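Trainee: Could you walk me through reading the features of a protein model, one by one?
Mentor: Gladly; let us look at it together.

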Amino acid sequence: MEPPASDSHKSQLNALERRKKYNELLDYGHELALRTQTEDAVGIFQGVSSILIQTDQLHQSMAAEKMENASEMCINVQVVKMGHDLVGAALQKSESTQFCDEELAAAIVPIIGDSGNPLQWLHIGELGIKSFSMSKQSPCLLGAFELEPVQVEKPVKERRRRQRQELGDPRKPETVVKLNQEETDARKLQGVMEQLKAIYEERRQPIPYFELITDPTDYMNTVDTAFQISFLIRDGAVALETVDDLLSVRPTSSSEKQQNKRTDDNVQAILSLNFAKWQSAVKQFRLKRPLLAIERDTLDASQAS
């Protein structure tokens, strides 16, 4: 029996709210990482404890709705791992302090006093002498004797009949599975490229990058689309440029592709994408549905079998 439409809508709203809180916890963890070099370990531990308590509450909320969401579980594991790394960094910072001569001297002064009398150091010597004891010894009781060498018998190895190796159950080679996966990824990239060309020909101008990758219904789908577009940019099939102060994309021309093949320089670019940026893009471009239709988590038929 399917749940009512109102319950399904409420579950979707709860999922969006949980993802928002997960991203807030990730930002707070990044702030704690910057503070590990200046604050003491106790403050970092308290912050990590707060993060883990809130993460457990979010996980219990998702379990109460009996909904399994892979993206939420991935973020949950990421937050827990971040807490583990923060604790390790704080411990390393607290244990890397140098030896302090002043603290040692302050600990010795109550024992010998502060008058400077050399005889008072005898008290420390007496404590050291009491901790030593003579080792137990016994005289050698071995008498004179003549050594008679004993011949060592070499064991004769028994010849064993060689057993024929049994063949296991036949299975598909791993190379075939990898080739099928590469073919599936190539078909997905080809579909994304064809949709991008169609949008570009319809508008006759470059497409804003964030409008192209943003899925207003799912933040993790937006991240996956940006991942797919990055391969097209790397292969030179798509060009990045700034149009009217907006980062835009367009298909490259034939001459640009030839020039990219002749150029061996590696060009890298870093682009920030977070939950707040995704929400801003949805509002800026007034998106109701994604521009690109991409199949998510598809498996090849041969792999499924």
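Mentor: We will go from the overall fold to single residues.

Mentor: A word on the ground rules: this is a predicted model, so local features need pLDDT of at least 70 and side-chain atom pairs count only at pLDDT 80 or more, while totals for chains, interfaces and linings use all residues. Residues are numbered from 1 along each chain as its sequence is written, and side-chain values use heavy atoms, with hydrogens and water left out.

Trainee: How many helices and strands does the secondary structure of the chain come to?

Mentor: Helices (H or I, at least four residues) and strands (E, at least two) are DSSP runs, numbered from the N terminus. Here there are eleven helices and three strands, in the order α-α-α-α-α-α-β-α-α-β-β-α-α-α along the sequence.

Trainee: What share of the residues of the chain count as buried?

Mentor: Buried means under 20% relative accessible area, exposed over 50%, and partly exposed in between, with a 1.4 Å probe and protein chains only. Of the 305 residues, 24% are buried. As for contacts (heavy atoms within 4.5 Å), among those with a separation of 6 or more, 72% join residues 24 or more positions apart.

Trainee: How many salt bridges does the count come to?

Mentor: The general idea is that side chains of opposite charge can pair when their charged atoms come close. A salt bridge is a side-chain nitrogen of Lys or Arg within 4 Å of a carboxyl oxygen of Asp or Glu. By this rule there are six salt bridges. One of them joins the side chains of Arg19 and Asp218, at 2.8 Å from N to O. Arg19 lies in helix H1 (residues 5–35) and Asp218 in the loop between helix H7 (209–213) and helix H8 (219–234), so this pair ties together parts that are 199 residues apart in sequence.

Trainee: Are Arg19 and Asp218 buried or exposed?

Mentor: Arg19 is buried, at 6% relative accessibility, and Asp218 is buried too, at 17%. Next, take the salt bridge between Arg234 and Asp235, at 3.1 Å from N to O; there Arg234 is exposed, with 60% relative accessibility.

Trainee: Which residues are linked in a network of salt bridges?

Mentor: Glu241, Arg250 and Glu256 are. Glu256 is partly exposed, at 24% relative accessible area, whereas Arg250 is buried, at 15%.

Trainee: Which residues of H10 are buried?

Mentor: They are Phe275, Trp278, Ala281, Val282 and Phe285. Down the axis of H10, these buried residues fall within an arc of 120 degrees, so they line one face of the helix. The arc is that of the directions from the helix axis to the C-beta atoms. At the start of H10, a side-chain oxygen of Asn274 comes to within 3.3 Å of the backbone nitrogen of Ala276.

Trainee: Where does Pro216 lie, and which residues is it in contact with?

Mentor: Pro216 sits in the loop between H7 and H8 and is buried, with a relative accessible area of 17%. Leaving aside neighbours within four places in sequence, Pro216 is in contact with Trp278, Val282, Leu287, Lys288, Arg289 and Pro290. Try the distance tool on Pro216 and Lys283: they are 67 residues apart in sequence and 9.1 Å apart in space, C-alpha to C-alpha.

Trainee: What phi does Asp244 have?

Mentor: Start from the background: most residues other than glycine have a negative phi. Asp244 has a positive phi of about 55 degrees although it is not a glycine, and Asp245 has a positive phi near 60 degrees. Asp244 lies in the loop between strand S2 (238–243) and strand S3 (246–251), and Asp245 also lies in the loop between S2 and S3. Asp244 is exposed, at 70% relative accessibility, and Asp245 is exposed, at 76%. Just after H10, Arg286 takes a positive phi of about 55 degrees.

Terms used:
A polar contact is a pair of N or O atoms within 3.5 Å; within protein, one must be able to donate a hydrogen and the other to accept it, and residues adjacent in sequence count only if both atoms are side-chain atoms.
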